[in-house]
Amino acid sequence: MALFSKLGNYKNFGLLIIRIGLGIMFIYHGFPMLMGGVKSWEGVGTAMKYVGIHFWPVVWGFLAAAVDTFGGFLLIIGLQFRPVCILLVINLIVAALFHLRTGGGIGEAAHAIEDCIMFAGLLFVGPGKYSVDKK
């Protein structure tokens, strides 16, 4: 369709939109967990038992909240983009397993799975030229 034929020229702008949108949403989701303190971190960290890790739930919960919050910020500016994508993929795999194994089914796990797929793809594509990591 002729109307959309030139949009391919704006791939970097599209990546910027994706980075900003996902980054804001991960900050929105992660910041309350980060500020929730030890009780919140422990609750989040207990999800690690679904990947066979039963120790230090407070530490794992804090790390998950920190990755969501600071990772969201780094996504927005495009700094350390690929390492952040890897960390978010790991977080989201744990989140998906949590939802699947606690009876939530695919309906509750769908959001984590969708975001995981997005970050796995972005890992290969990169942040685009409108980023601190631009080459």
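The model is a predicted one, in which local features need pLDDT of at least 70 and side-chain atom pairs count only at pLDDT 80 or more, while totals for chains, interfaces and linings use all residues. Residues are numbered from 1 along each chain as its sequence is written, and side-chain values use heavy atoms, with hydrogens and water left out.

Let us start with the overall picture. The protein chain has 5 helices and 0 strands, where helices (H or I, at least four residues) and strands (E, at least two) are DSSP runs numbered from the N terminus. Read from that end, the order is α-α-α-α-α. Along the principal axes, the C-alpha atoms fill a box of roughly 55 × 30 × 20 Å. Of the 135 residues, 33% are buried (buried is under 20% relative accessible area, exposed over 50%, partly exposed in between, with a 1.4 Å probe and protein chains only).

Now to a pair of helices. Helix α4 (residues 81–101) packs with helix α5 (residues 105–125) at an angle of about 165°, their axes lying 8 Å apart. Here the axes are lines fitted to C-alpha atoms, for helices over the stretch in contact, and angles run from 0 to 180 degrees between N-to-C directions. The two helices are therefore roughly antiparallel, a label for angles over 145 degrees. Their contact brings together 21 nonpolar, 2 polar and 3 charged residues. In this scheme Ala, Val, Leu, Ile, Met, Phe, Trp, Tyr, Cys and Pro are nonpolar, Asp, Glu, Lys and Arg charged, and the others, Gly among them, polar.

Next comes the largest pocket, with a volume of about 750 Å³. A pocket is an open set of points on a 1 Å grid over the protein atoms alone, where a 1.4 Å probe fits, with protein on both sides within 12 Å along at least five of seven lines; lining residues have an atom within 4 Å of a point. The volume is the space filled by probe spheres set on the points, which are joined across faces, edges and corners. Of its 30 lining residues, Ala-64, Asp-68, Asn-91, Leu-92 and Ala-95 are the closest to the centre. Helix α4 gives the most to this lining, with 8 residues. By class, the lining holds 20 nonpolar, 7 polar and 3 charged residues.

Finally, look at two loops. Most residues other than glycine have a negative phi. Trp-56, in the loop between α2 and α3, has a positive phi of about 55°, and at 57% relative accessibility it counts as exposed. Gln-80, in the loop between α3 and α4, has a positive phi near 50°; with 44% relative accessibility, Gln-80 is partly exposed.

Definitions and conventions
Angles under 35 degrees count as roughly parallel, over 145 as roughly antiparallel, 65 to 115 as roughly perpendicular and the rest as oblique.
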